[in-house]
Amino acid sequence: MRSVRLSSLLAIFALLLAPLTAAHAASSLDGTRGLLRVHSADMHTPGYIAGTVHGLYSRSTYNSIESPRGFPETVKFGAGTLSFAYAPTPYAELALRGTLESQFVDSEPATFSDKQYGISGVGFNLKALITPADQKQWMLGGELGLASSAGSLDALTGSWDYDGMDISGRLNLTYQQLRAEDQKAALRMHMNAGYLARTSQYDATAAAFTSIGGTPDRSRLHGDQFLYGMGLELPVPQGWTLFTEWSGEYDTESNADFMDNPMRVTPGLRWSNPASSFTFTGGVELSMANENAGPGWQVITGLAFGGYVAPVKGLLRGIIRDADTGQPLNGVRVSVRNSADIPAESDPDGRFQSELPEGYAVLELAAEGYNPKTRVVEIKGHESQDFDFTLAKRNVLGSVRGRIRDAETGEPLFARVRVAGTENWIESDPSTGSFALENVQEGDQRLEVDARSYEGRTVMARVVAGDVVAQDVSLSRDRNAMMGVLSGQVRAKSTGVAVAAQVTARGKDTIVADVDPETGLYELELEDGTWNLSVTSPGYVAEVQSVEIGAKEASVRNFDLRELPKKMTLKGVYFDSGTATIKRESFAVLEDAASFLLQNDALQVVIEGHTDSTGSTDTNLALSQRRADAVLKYLVVNHGVEPGRLSARGLGPQEPIASNDTPDGRALNRRIEFRIEEMEHR
């Protein structure tokens, strides 16, 4: 017994010397989150469901004096538990557990052999978190458990009250030492205290039946029990966690000495993959009680599989303030672009929170009397993120609305209107001639009105803050308007064959012409001036050019379209060694990539990160994923590329394009690529 206790203390001491990273959670023998017999106070992540299989094994050897048959014999005990756990909210966790047990007796000489199997019981646990969900250092929880024995009276965890129900309550306390840089757990300690009440009485006949198999009596926990336990988790690199736990049960009705009741120390280890969808647990229970309290040792192993039954979400929280005064703003609407969810609103303290799907989201903040604001944020699954926003007060504004008509016929006109001195034109409705100028500074404003083949006009409008001013405008035809003609041919660059495309000219107006699919010819009638031409066709890279059109002149502009590649390598994108920090010399290449995406807005692109084979595969996969994410975020934040068109994937060293045996080959393998797909018609 002394050697057992000494080895237990050495195991604990070894764990205390282990380097720390981050703990990985799995299910206990009862199904709830924890170690083996010790439970944690916190829950599985909401929406997460876990299935766990545990196996228990022990063996005891008895000499001819200890054995009831007078022969040396070996008794092997085995048990298997199957449990399922589900956390519907951050404050509750449900667990269901069943246990199958067995016992094998072999004597020497082989004059007796016995094998027994049975389902020892089925249990249900409800665990609740008492402290706030965002309090991560100290956590307090409670449990209620129901269990029923099923008739296997002589296996590892069997009891001798098989005709009743066990009711238990437990308090769980968990402490986490959090790392400052990422708030991940660097050390976890758990303490449990509880009580188990039995609804049936001790059955002496059932207890005696256990000796038929030849096994001397072990623990006689036939009354109510006091439950206790304490555990320590210390993470180490590469997904491993070392742990030790001390646990036991004390029979309050047997009048046995404390050391005659089961008490054990369990050193063990646990490994989890990065996604925490698979976890392995292994440990050895070493008895610290007297010999009749249970086997001297017992091996426990477990395999857990888990996943989410709902989309992964994260919590976005923040405070919105006035940009000038710094005071919190109440009633600011926080919505997500292209989302049907009800917008969140800030409270009188300026605080808001919203649960959003994992990934990038475009936030739109709006409040009466303030300029709206748009921000791109990255939502991390199952994490809370805090942001501070400021809104600037809007100038006192009004609106101008009206109709633009032909001065002779009264027919509505397609025209452009702007406030003099501003850059942005708005267009009238072609069918009604109506227009609406919003957010116009109050006071007397000059409106400039322009239409193709008509003489431009300037009219005065008196804008009143918060009001709508009606202003109709009539335009006379420009008899001296001189038009030019632009024509040409659109072909495939590789074959010279005509391409069915669309030519769009943007200048004072936006004019679109369809290319003849058989000849590739097109023709546009344009006013004199500078026009920006874009030629687009499915399966081809868009071509953009600028052209000068002279009055009454004919201009020719041909286009040879390149076929859209399936994959593009962004040459010249560099990162700091071992990180996802983009170097400044990469910005020009990324600006060209953004221009390509903005000109070809019907493309869906997967940004792929690749590394050489130096280092471990897992490390390179994680690094390549972070670098692909960094490029995606750069294109969205700095160049306004729509985040819904982009996704990122890290492939590590899996797709080399050169040998990893030379420095030049490894340099070629470290790259960022675009995998291009055409979107459906938008």
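Aromatic rings of Phe, Tyr and Trp (its six-membered ring) pair if their centres lie within 6.5 Å; planes under 30 degrees apart count as stacked, over 60 as edge-to-face and the rest as tilted. The structure holds 13 such pairs. This is a predicted model, in which local features need pLDDT of at least 70 and side-chain atom pairs count only at pLDDT 80 or more, while totals for chains, interfaces and linings use all residues. Residues are numbered from 1 along each chain as its sequence is written, and side-chain values use heavy atoms, with hydrogens and water left out.

Start with the overall make-up. The protein chain has five helices and 41 strands. Both are DSSP runs numbered from the N terminus: helices are H or I with at least four residues, strands are E with at least two. The chain counts 682 residues, and 44% of them are buried. Buried means under 20% relative accessible area, exposed over 50%, and partly exposed in between (1.4 Å probe, protein chains only). Contacts here mean heavy atoms within 4.5 Å. Among the contacts in the protein chain with a separation of 6 or more, 62% join residues 24 or more positions apart.

Now the rings. A pair of aromatic rings is described by the distance of the centres and the angle of the planes. Tyr 228 and Phe 258 are stacked, at 6.2 Å centre to centre with 20° between the planes. Tyr 228 sits in strand S10 (residues 225-236), and Phe 258 in the loop between strand S11 (240-251) and strand S12 (263-272), so the pair ties together parts that are 30 residues apart in sequence. Tyr 228 is buried, at 12% relative accessible area. Phe 258 is partly exposed, at 41%. Another stacked pair joins Phe 387 and Phe 389, with 6.1 Å between the centres and 15° between the planes. Phe 387 is partly exposed, at 24% relative accessibility. Phe 389 is buried, at 7%.

Tyr 228 and Phe 258 also belong to one aromatic cluster, together with Phe 226, Trp 246 and Tyr 250.

Rings also meet charges. A charge sits over a ring if NZ of Lys or CZ of Arg is within 6 Å of the ring centre and within 35 degrees of the ring normal. Arg 270 lies over the face of Phe 243, 5.6 Å from the ring centre. Arg 416 places its charged end over the ring of Trp 425, at 4.1 Å from the centre.

Next, the backbone. Gln 238 is not a glycine, yet it has a positive phi of about 65°. Gln 238 is in the loop between S10 and S11 and is exposed, at 59% relative accessibility. Asn 439 is not a glycine either, and has a positive phi of about 55°. Asn 439 lies in strand S25 (residues 434-441). It is exposed, at 53%.

Some loop residues pair up across the sequence. Pro 274 is in the loop between S12 and strand S13 (278-287). It is exposed, with a relative accessible area of 79%. Its C-alpha atom is 9.6 Å from that of Ala 622, although the two are 348 residues apart along the chain. Gly 539 is in the loop between strand S34 (529-536) and strand S35 (543-549). It is partly exposed, at 25%. Leaving out residues up to four places away in sequence, Gly 539 touches Glu 563, Leu 564 and Glu 678.

Finally, the helices. Two packed helices are described by the angle between their axes and the distance between the axes. Axes are lines fitted to C-alpha atoms, for helices over the stretch in contact, and angles run from 0 to 180 degrees between N-to-C directions. The axes of helix H3 (residues 587-599) and helix H4 (residues 617-639) come within 10 Å and cross at roughly 70°. H3 and H4 are therefore roughly perpendicular to each other. Angles under 35 degrees count as roughly parallel, over 145 as roughly antiparallel, 65 to 115 as roughly perpendicular and the rest as oblique. From H3, Phe 587, Leu 590, Glu 591, Ala 594, Leu 597 and Leu 598 meet Val 631, Tyr 634, Leu 635 and His 639 of H4. By class, this contact has eight nonpolar, one polar and one charged residues. Ala, Val, Leu, Ile, Met, Phe, Trp, Tyr, Cys and Pro count as nonpolar, Asp, Glu, Lys and Arg as charged, and the others, Gly among them, as polar.
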